[in-house]
Amino acid sequence: MSTKDHPIVIAIDGPAASGKSSTAKAVAAELGYRYLDSGAFYRALTLAALNAGLPTRTWSSLTTEQVRNLAVAATPVGAGYDLSIAGAPVGDEIRSSRVNAHVSRLAAVPAVRGWLLDALREAGRDGGLVADGRDIGTVVFPDAELKIFLVCDPEERALRRLRQRGRPEPDVRQIREEARHLLERDRLDQSREIAPLIKAHDAILLDTTDLSLDAQVGAIVRLARARARP
Ligand code: CDP
């Protein structure tokens, strides 16, 4: 049996900018699977809450109905999902520093996590999915056939994120500043009560600090093919 005859769920978790999204997308393409970026859902909800003018101090007590009223929707398109707010595509603004600064606060809200859990699980119902986030292997898909926990040195993560944003040669000060933001988000994600960022006991730890994207994708694809065999 192959990964196609026996489609599995692959969960990729890890701290901010550890390479989850690019790795998950490439693994999905290699296996012909669907790709789910769970962080993009939290980002879209954060953007919607900010645009709706909901004061951040009230976020912790948001109700399911208020979350639903943010009108974030996901439509399967190609191998992934397109996200929209009230019918309009979310665009790059979900990656802005404004959203970065607030997303972990919204992601800690119980009504937000409860509402998303069903949507995310529905996407993986038939297998053939690579999903990345913070709690995919622990909470969303605890029975995933393959779980990976990616880690990476904070300054290397900061460098990759700055390059992604079009700064090929950032200086030491910029790298340290970006690393500080990433570590602060990790701290919030690790210390929240609900679905904290933590390695699942059965996840495989992969340190990407000195790995190329091709090498880390290849390693996960090989593991997936081995797991899909009966
Ligand atoms: O790509 P990056 O690592 O910067 O972050 P992301 O995957 O887009 O996730 C953005 C934020 O959403 C995280 O910092 C978490 O606060 C939250 N998140 C979460 O709580 N649970 C998930 N499964 C995925 C993201």
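Let me start with Leu117, which lies in helix 5, where helices (H or I, at least four residues) are DSSP runs numbered from the N terminus. Leaving aside its neighbours within four places in sequence, Leu117 is in contact with Val139 and Val140, contact meaning heavy atoms within 4.5 Å. Leu117 and Phe141, which are 24 residues apart in sequence, are 9.7 Å apart in space, C-alpha to C-alpha.

A word on the basis of all this: the model is predicted, and local features need pLDDT of at least 70, side-chain atom pairs count only at pLDDT 80 or more, and totals for chains, interfaces and linings use all residues. Residues are numbered from 1 along each chain as its sequence is written, and side-chain values use heavy atoms, with hydrogens and water left out.

Staying with helix 5 (residues 110–123), helix 2 (residues 38–51) packs with it at an angle of about 135 degrees, and their axes are 11 Å apart; the axes are lines fitted to C-alpha atoms, for helices over the stretch in contact, and angles run from 0 to 180 degrees between N-to-C directions. That makes helix 2 oblique to helix 5, given that angles under 35 degrees count as roughly parallel, over 145 as roughly antiparallel, 65 to 115 as roughly perpendicular and the rest as oblique. From helix 2, Ser38, Phe41, Tyr42 and Leu45 meet Val112, Arg113, Trp115, Leu116 and Leu120 in helix 5. By class, the residues of this contact between helix 2 and helix 5 are seven nonpolar, one polar and one charged, where Ala, Val, Leu, Ile, Met, Phe, Trp, Tyr, Cys and Pro count as nonpolar, Asp, Glu, Lys and Arg as charged, and the others, Gly among them, as polar.

Helix 2 also meets helix 4 (residues 97–107), and here the axes come within 9 Å and cross at roughly 105 degrees. That makes helix 2 roughly perpendicular to helix 4. The contact of helix 2 with helix 4 divides into eight nonpolar, four polar and two charged residues.

Turning to the other partner of helix 4, helix 8 (residues 172–191) packs with helix 4 at an angle of about 15 degrees, with their axes 9 Å apart. Helix 4 and helix 8 are therefore roughly parallel to each other. Asn100, Val103 and Ser104 of helix 4 make the contact with Arg185, Leu188 and Asp189 of helix 8, and by class that gives two nonpolar, two polar and two charged residues.

Finally, the ligand: which residues come nearest? Of the 19 residues around the ligand, these are Arg43, Asp135, Arg161, Arg185 and Asp189, a residue being near a molecule if one of its heavy atoms lies within 4 Å of it. Among the polar contacts (pairs of N or O atoms within 3.5 Å), an N or O atom in the side chain of Arg161 is 2.7 Å from an oxygen atom of the ligand. A backbone N or O atom of Ala17 lies 3.0 Å from a ligand oxygen atom, and a polar side-chain atom of Ser104 lies 3.1 Å from an oxygen atom of the ligand.

Terms used
Helix = DSSP H or I, 4+ residues; strand = E, 2+ residues; numbered from the N terminus. Polar contact = N/O pair within 3.5 Å; in protein donor to acceptor, adjacent residues only side chain to side chain.
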